[in-house]
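Welcome, and thanks for taking a look at this one with me.

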Amino acid sequence: MSAAHPHRRRAMATMLVAVVMFSIMDALLKLLSAHYQPFQVAALRGASSLPFVLTWALASGGLKPLLRVRWSLHLLRGVLGIGMMATFVYGVHRLPLSTTYSIFFIAPLLITALSGPILGERVGPRRWVAIGIGLIGVLVLLRPSGEGMLSLAALAVLAAALGYAVSAITVRLLSRTDSTQAMMVWLMVMLTLGAGALALPAWAPIRGEDLWLIAGLGVAGSIGQYAVTEAFRLGEASLIAPLEYTALIWGVLLDLSLWGVLPDSTTWVGAAIIVASGLYLLRRERVHVEAEHP
């Protein structure tokens with residue numbers, strides 16, 4: 001039974017890598033969103049990562065694992081991915097990264113909540129209380145003034161968080177039958193084709209000075225996608241999800257270095273409440289694991 005512990009540690013470390021890579025990717029998405037519409041940015045995210053992901057998938061597993069898959073769940077994940085990426089890009093274009101992340105922090109709470117009824121993972125009453133406290137933090141962030149409840153950008157980020165949570169649950173379901181390679185390749189294919197088709201009527205020519213941003217998007221997105229897929233494959237969703245909160249550190253650093261902005265006091269308060277609830281979820285998971293495997 002103790003062999004499970006190294007897998008949990010590896011899952012947590014992999015998730016931390018994913019958070020760093022996705023933070024870099026999000027900064028690049030924000031830079032690109034100044035010149036391109038959300039669906040086009042989403043398509044560029046998929047297209048820039050697809051060559052890296054496909055090359056790795058074919059080299060590590062060959063073609064067969066990419067074709068023997070549960071198409072219905074992959075299609076659902078593709079639709080969720082397109083909607084999530086477009087709404088996230090819309091939100092991050094209008095809000096600082098740190099504010100966007102603070103609102104997006106509802107996603108790990110949703111994943112933990114959904115991991116019980118959908119995945120059969122145990123979510124006890126104390127963790128439900130922590131989820132409720134985290135939701136209070138979200139309400140603090142979505143105050144009715146400034147960048148608050150009436151902001152379309154904030155609502156877009158909330159929609160992206162819901163899509164991300166459901167998509168993360170599908171990863172746990174798909175990992176029982178499908179390979180990591182298949183999950184990564186088909187998500188990028190569907191994101192490229194689906195978002196590209198939606199963006200086509202208003203497609204803007206790619207500027208030469210943006211090519212390095214798109215290349216960086218592909219590298220960071222590929223590494224991040226692999227890491228997050230592996231993390232949710234190796235560890236329980238209720239354990240891995242709260243590590244998303246470390247994105248706030250990177251969001252603040254990127255906001256300060258690239259755009260010269262810092263979160264306001266309300267954002268800090270709301271984020272602190274949510275992070276505290278996430279850390280408590282981690283503590284409860286550790287207690288639960290130690291009780292099962294003394």
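Predicted model: local features only at pLDDT ≥ 70, side-chain atom pairs only at ≥ 80, totals over all residues.

**Notes on the cavity, the salt bridges and one tryptophan**

1. The volume of the largest cavity is about 510 Å³. Its lining is made up of 29 residues, and those closest to the centre are F22, M25, M84, F104 and Y164.

2. Which helices supply the lining of the largest cavity? At least two residues each come from α1 (4-32), α4 (71-94), α5 (97-104), α8 (152-174), α9 (180-199) and α10 (211-234). Helix α1 gives the largest share, with seven residues.

3. Of the residues around the largest cavity, 20 are nonpolar, five are polar and four are charged.

4. Now for the charged pairs: the count of salt bridges comes to three. One of them joins the side chains of R10 and E230, at 4.0 Å from N to O. This pair links distant parts of the chain, since R10 lies in helix α1 and E230 in helix α10, 220 residues apart.

5. Are the two partners buried or exposed? R10 has a relative accessible area of 44%, so this residue counts as partly exposed. E230 is at 6%, and therefore counts as buried, because the cut-off for buried is under 20%.

6. The other charged group to visit is a network of salt bridges that links R207, E209 and D210. The side chain of R207 meets that of D210 at 2.9 Å, N to O, and a salt bridge of 3.4 Å, N to O, joins R207 and E209.

7. D210 counts as buried because its relative accessibility is 3%. R207, at 29%, is partly exposed, and E209, at 48%, is also partly exposed.

8. Finally, have a look at W268, which sits in helix α13 (residues 265-292). Its relative accessibility is 42%, so W268 counts as partly exposed. Leaving aside residues up to four places away in sequence, W268 touches L248, V252 and P263.

9. How far apart are W268 and A154 in sequence and in space? They are separated by 114 residues along the sequence, and by 16 Å in space, C-alpha to C-alpha.

Definitions and conventions
Residues numbered from 1 in each chain as written. Heavy atoms only, no water. Helix = DSSP H or I, 4+ residues; strand = E, 2+ residues; numbered from the N terminus. Buried < 20%, exposed > 50% of the residue type's maximum accessible area, 1.4 Å probe, protein only. Contact = heavy atoms within 4.5 Å. 1 Å grid on protein atoms, 1.4 Å probe; cavity = no way out; pocket = protein on both sides within 12 Å on 5 of 7 lines; lining within 4 Å. Points joined across faces, edges and corners; volume = space filled by probe spheres on them. Nonpolar A, V, L, I, M, F, W, Y, C, P; charged D, E, K, R; others polar.
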